[in-house]
Amino acid sequence: MIFDRNDKKDVIALLGAGSMGTAIVRRIAAGKKILLGDISEENLEKASHDLTYSGYDAETMIVNALEKDSIEAFAEKAASLGDVKFFIDTAGASPHQTNPEHILNLDMVGTGYAVDAFGKVMAKGGAGLIVSSQTGYMYPIPYEEEQTILATPTEELMDLPFIKEVAMQNSGFAYMIAKRINQLQAMKAAATTWKERRARINTISPGVIVTPLAYDEFAAAGDGYQQMIDASAAERTGSSDEIAEAGAFLLGEHAGFITGTDLLIDGGVIAAIRTGKYSLQAE
Ligand SMILES: NC(=O)c1ccc[n+]([C@@H]2O[C@H](COP(=O)([O-])OP(=O)(O)OC[C@H]3O[C@@H](n4cnc5c(N)ncnc54)[C@H](O)[C@@H]3O)[C@@H](O)[C@H]2O)c1
């Protein structure tokens with residue numbers, strides 16, 4: 001049985017084949033070649049099984065998003081499969097899963113390497129999506145520091161005094177700052193490397209989305225999480241499918257004029273914080 005006779009398909013590359021990543025891919029998968037990259041063989045197998053048995057054309061590659069060489073090999077592999085029209089990065093670790101250094105190396109530096117590497121292979125008209133977080137809105141980085149961060153190459157980010165002195169203080173700070181920097185990384189790429197390839201790139205900043213990662217956060221900070229959810233306008237958590245709906249829009253042709261920006265999808269948590277309806281210190 002031949003399901004699909006097309007031999008020249010546009011490529012979707014997903015780094016981080018977890019809950020949100022695979023939900024986004026499913027929304028845009030029809031007729032495409034999918035390359036899944038993740039450090040977890042188990043997650044790759046599960047994602048590829050689900051996609052393949054839904055009729056999609058998926059293959060996998062072990063990728064360590066902490067290593068520049070591994071990410072570059074992933075981008076090269078994607079380019080060898082066809083025109084890379086979509087890149088999605090959801091590889092990440094949350095504050096209660098690990099230490100500040102790991103979070104910064106993965107969520108900040110690893111994402112930077114991925115944006116850099118795909119900035120060399122994206123096809124004209126392609127689009128990228130980095131999954132940041134609502135926490136990117138929780139620790140406002142001073143403007144001058146942001147300008148310094150924007151001007152700093154990915155490999156030197158960990159050496160910045162702001163990163164060493166502020167972000168390294170604890171995992172919460174590391175995560176909030178890394179996620180704000182994801183938004184800056186997409187902004188910078190949209191104006192430079194990705195622009196040169198005529199490709200767009202944006203971030204989505206989700207609020208609390210029920211995934212295995214969120215379960216780890218609930219287990220460690222349940223009360224604070226509950227208060228935050230209760231104070232939000234939506235008064236509930238979100239789902240990977242809701243993120244995927246917005247992700248598919250940002251990656252699609254109807255978003256052709258949208259690049260270098262962030263879409264906050266948090267059920268109103270940041271609105272509650274900014275208007276004094278919820279205080280982070282209460283956690
Ligand atoms: N779930 C939430 O509430 C929430 C909210 C805001 C932002 N986020 C962010 O969304 C992204 C996706 O999270 P999710 O909730 O879908 O979690 P998930 O755990 O389902 O997916 C994360 C994936 O990243 C992979 N990964 C971890 N380290 C890696 C490495 N070194 N190299 C390659 N892959 C690696 C994991 O194996 C996993 O498959 C993360 O960046 C997370 O910080 C999550």
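Colleague: How do the residues of the shell around the ligand divide into nonpolar, polar and charged?

Modeller: Bear in mind that this is a predicted model. The shell divides into 16 nonpolar residues, twelve polar ones and one charged.

Colleague: Thanks! And which residues come nearest to the ligand?

Modeller: Of the 29 residues around the ligand, the nearest are Gly-18, Ala-65, Gly-92, Ser-133 and Thr-211.

Colleague: Which elements give two or more residues to that shell?

Modeller: Those are helix H1, residues 19-28, and helix H9, residues 212-231.

Colleague: Switching topic, at what angle do the axes of H3 and H4 cross?

Modeller: Roughly 35 degrees, and the axes of H3 (residues 68-81) and H4 (residues 100-118) come within 9 Å. The crossing of H3 past H4 is right-handed.

Colleague: Which residues make the contact?

Modeller: H3 brings Lys-68, Ile-71, Glu-72 and Ala-75, while H4 brings Gly-110, Tyr-113, Ala-114, Ala-117 and Phe-118. Six of the residues in this contact are nonpolar, one is polar and two are charged.

Colleague: What about Leu-104, is that residue buried or exposed?

Modeller: Leu-104, which sits in helix H4, is buried, because 24 other C-beta atoms lie within 10 Å and the cut-off for buried is 20 or more.

Colleague: Which residues is Leu-104 in contact with, leaving aside neighbours within four places in sequence?

Modeller: Val-109, Met-158, Ile-163, Ala-167, Ala-174 and Ala-178.

Colleague: And how many Å separate the C-alpha atoms of Leu-104 and Ile-71?

Modeller: They are separated by 16 Å, with the two residues 33 apart along the chain.

Note on methods: Residues numbered from 1 in each chain as written. Predicted model: local features only at pLDDT ≥ 70, side-chain atom pairs only at ≥ 80, totals over all residues. Axes fitted to C-alpha atoms, helices over the stretch in contact; angles between N-to-C directions. Helix = DSSP H or I, 4+ residues; strand = E, 2+ residues; numbered from the N terminus. Left-handed = near helix turned anticlockwise from the far one by under 90°. Contact = placed C-beta atoms within 7 Å. Nonpolar A, V, L, I, M, F, W, Y, C, P; charged D, E, K, R; others polar. Near = placed C-beta within 6 Å. Buried ≥ 20, exposed ≤ 12 C-beta atoms within 10 Å, placed from the backbone.
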